[in-house]
Amino acid sequence: MKYISTKNISPPASLKEAVLSGMPEDGGLYLPAIIPQLVGRSIDSLSSMTFMEIAQKMSAKFLSDDIPAPHLEEIVSRSLNLDVKLNQLDDKLTVLETFHGPTMAFKDFGARFMARLMSYLIRGEQRELTILVATSGDTGSAVASGFLGIQGIRVVILYPSGKVSPSQEKQLTTQGQNIQALEVAGNFDDCQSLVKQAFADRNLRNQHMLSSANSINIARLLPQSFYFAYTAGQMMHKTGDLVISVPSGNFGNLTAGLMAQRMGIPIHHFVASTNRNDVFPKYLQDGHFQARPSDQTLSNAMDVGDPSNLARIRYLFDDDVDQIRSKISSWSFDDQQTLDQIAEIYKRYSYVIDPHTAVGMLGLHEYLKNSSRNTQGVVVSTAHPAKFPERVEPVIKTSITIPDQLAQYLTREKHAVPMSTDYGEFRQYLMDALA
Ligand SMILES: *Cc1c(COP(=O)(O)O)cnc(C)c1O
C-alpha cells in the first residue's frame, strides 16, 4: 500500500517512508492511497468480534502488503492489548471508554502501535532511531510509555519547565531506559522550535536517524479507527442511527472515525465537539477556514487553533464543505458549560467524566436537540477523570480514586536534563547523547 500526500505534490510514499518521516516534503499529510472496504458479512461479523479480533482484521487490510502476517499479528497483539469499554448510561447514551491504557488517555493506542511498527520498520538498520517529541503533556506521556524498552529506538522528550502538571511531569521524567526527558526553560512553542531546528539540521541528520512521534503520523491514526469499528459492531443490534461525538483538538481521533466510516462501517454521523477553540464549527458555518491562536481552557488537550488533521478531512471530502456537513456537525462549548456538564452527568448517572469527555457530551446533546431522527448516541471518552482531579473533584464534591497506573509514577524520582531554548545547546546535547 502506498501513502499519498493531501497536497498531491510529493510522490506516493512507502509505509516505511510515511511512518518514519511523519510528513511528506510538500507539507501535506499522508493518507492511505486506498481505503480498504469491509462489505456484507464482514460488516455483520463485527458484532460478534472482540476489539483485538477487529484490530487484527483491520490492520491486515491496511498493512498486509508491507508486513508479513506473523509480524503484523505480533505488533497488534503486543500494542493494542488495551481494554475498550462501552458503558451504556441509558437507552440512548453510551460512553466509549478509550482511557484504560497505561497513561489513561486514548493516545496510548496510537503511541504503542507506532512504537512497535517503527521498531519493525527499522529492523536490519545499523543505526539507532531517535524520536524527538515536543510535548505540552499528554502526547509525551503516551509516547514515553509506548516506546519504553522498544529495541533500537531512543526517545528524547522536550517539555516546558513548570508548564505541565506535576503528575504529567512524573510520567515524562521517571521512565528511564531508552526515554530521556529534557526540561526546557521556555514554553511549548520553544520546545517545538528546538525540535524543528533539529529536523532542519542536515549535518545532524546525516549522522543520526531522527523521527518524530507527533499526532500527524498516519501510524497513530490507524489503530484509533479500530475502536470506532468495534463500537459500530457492538451497537449494531440496537435501533436508531449511530451518532458518535468526538471531543476534538487536532482532529486526529475524528479523522480515524471518518476512515472507519469510509471502510464501510455503519456510522451514521459524527459530532465534532470543541471547547472555546471553535475554528472547526466556524468553518462548517461560514464555509471558509480561518486559523487563530489557541485559547487556554479546562479541556487543554483540545486547545488548538489550527487543527492539523483538517487537511485530511478536507481531502477525504474533496474539499467540499457541504459534503463535510452531511457527515459531521460541530459545536463549541465554554468552561462553565463543561463544569456544569460534569456535575450534571454525575448527578444523573453517578458517573464521573473528565473535562474533555464533558465537551463531547455537550456536543451530543446539541445534536439530539437539533435532530428528530431515532438515534443511538455514543460519546468518545478520551481521558480518565483521575488525570484531572483538581478540576473534577470540586464539581462533583467527592474525591476520585487515583488508579494504580497513574499512582505508581508519583513516588518515583524525576530525572530530567535542564535545557535552555538555545539550539546550540540542544544540538550539543544530542551529539553527546547519541554518540
Ligand atoms: C489529544 C486529546 C484530545 C484531542 O484529540 P485530537 O485527536 O487531537 O482531536 C481530546 N482529549 C484528550 C484527553 C486528549 O488527550
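## Basis of the model

This is a predicted model, in which local features need pLDDT of at least 70, side-chain atom pairs count only at pLDDT 80 or more, and totals for chains, interfaces and linings use all residues. Residues are numbered from 1 along each chain as its sequence is written, and side-chain values use heavy atoms, with hydrogens and water left out.

## The sheet

Helices (H or I, at least four residues) and strands (E, at least two) are DSSP runs numbered from the N terminus. Two strands pair if DSSP finds at least two bridges between them.

Val246 has Ala272 in S10 as its bridge partner.

## Helix packing

Axes are lines fitted to C-alpha atoms, for helices over the stretch in contact, and angles run from 0 to 180 degrees between N-to-C directions. Contact means heavy atoms within 4.5 Å.

Helix H15 (residues 335-349) packs with helix H16 (residues 355-369) at an angle of about 85°, their axes being 9 Å apart. H15 and H16 are therefore roughly perpendicular to each other; angles under 35 degrees count as roughly parallel, over 145 as roughly antiparallel, 65 to 115 as roughly perpendicular and the rest as oblique. The contact includes Gln337 and Ile342 of H15, and Pro355 and Leu362 of H16.

## The second largest pocket

A pocket is an open set of points on a 1 Å grid over the protein atoms alone, with protein on both sides within 12 Å along at least five of seven lines; lining residues have an atom within 4 Å of a point. Grid points are joined across faces, edges and corners, and a volume is the space filled by probe spheres, of 1.4 Å, set on the points.

The second largest pocket has a volume of about 180 Å³. Its lining consists of His71, Glu74, Ile75, Arg78, Arg116, Ser119 and Tyr120. Helix H4 (69-79) and helix H5 (107-121) are the elements that give two or more residues to this lining, and H4 gives the most, with four residues.
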